[in-house]
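Have the coordinates open and follow along.

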Amino acid sequence: MSKIKFLQHFSLYCRDLPAMHKFYNEILGLPEMPRPHFPFPGYWFEAGADHQIHLAKVSDTHVKHSISDNEDSYMDHHIGMVTEDLEGMKERLKANDIPFHDEPYGYPQIFFRDPENNLIEVASTAMFDME
């Protein structure tokens, strides 16, 4: 039986592609990667070794609303990332006026939303030393 080796990428549909590009590239600091020529605009970003986040522009009629009604909660579908500098990430978010939930479970992690309202978790590598 074939087995999945690892999650290679996560793809997000976007209404406002420039805002999403700025967020993932400039605010989160993910490097942009080469992308094949597709019949729709988008970007690919490196999110660690062999992991990627793909953004794709959709027509205004493709996505009607968020998949979740939990707009103000950190209990939602989300992308999880890890950093060695959680304090630096907090400072970067503050500098860009992006609100975040700070360590809601008592662990070194934060939750915040991108410009399309997708939930993102960033945990510190220190969190994994606690196990």
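Are Phe23 and Phe112 buried or exposed? Both are buried. Please keep in mind throughout that this is a predicted model.

A pair of aromatic rings is described by the distance of the centres and the angle of the planes. Six aromatic pairs turn up when the whole structure is searched. For Phe23 and Tyr24, the ring centres are 5.2 Å apart and the planes meet at 75°, so this pair is edge-to-face. Phe23 also pairs with Phe112, this time in a tilted arrangement, with 6.2 Å from centre to centre and 55° between the planes. Because Phe23 sits in helix H1 and Phe112 in strand S7, this second pair ties together parts that lie 89 residues apart in sequence. Stepping back, you can see one aromatic cluster formed by Phe23, Tyr24, Tyr43, Phe45 and Phe112.

In soluble globular proteins, nonpolar side chains tend to be buried together. The largest nonpolar core here has 22 residues, and those touching the most other members are Tyr24, Leu28, Leu55 and Phe112. Elements supplying at least two residues each include strand S1 (9–14), strand S4 (52–57), strand S5 (78–83) and helix H2 (86–95). Helix H1 gives the most, with five residues.

Now turn to helix H2. Which of its residues are buried? They are Leu86, Met89, Lys90 and Leu93. Viewed down the axis of H2, these buried residues fall within an arc of 100°, so they line one face of the helix. The buried residues of H2 pack against H1, S5, strand S6 (101–102), S7 and S8. After the helix comes Asp97, which has a positive phi, near 55°.

Note on methods. Residues are numbered from 1 along each chain as its sequence is written. This is a predicted model: local features need pLDDT of at least 70, side-chain atom pairs count only at pLDDT 80 or more; totals for chains, interfaces and linings use all residues. Side-chain values use heavy atoms; hydrogens and water are left out. A nonpolar core is a set of buried Ala, Val, Leu, Ile, Met, Phe, Trp, Tyr and Cys residues joined through side-chain atoms within 4.5 Å. Buried means under 20% relative accessible area, exposed over 50%, partly exposed in between (1.4 Å probe, protein chains only). Helices (H or I, at least four residues) and strands (E, at least two) are DSSP runs, numbered from the N terminus. The arc is that of the directions from the helix axis to the C-beta atoms. Contact means heavy atoms within 4.5 Å. Rings of Phe, Tyr and Trp (its six-membered ring) pair if their centres lie within 6.5 Å; planes under 30 degrees apart count as stacked, over 60 as edge-to-face and the rest as tilted.
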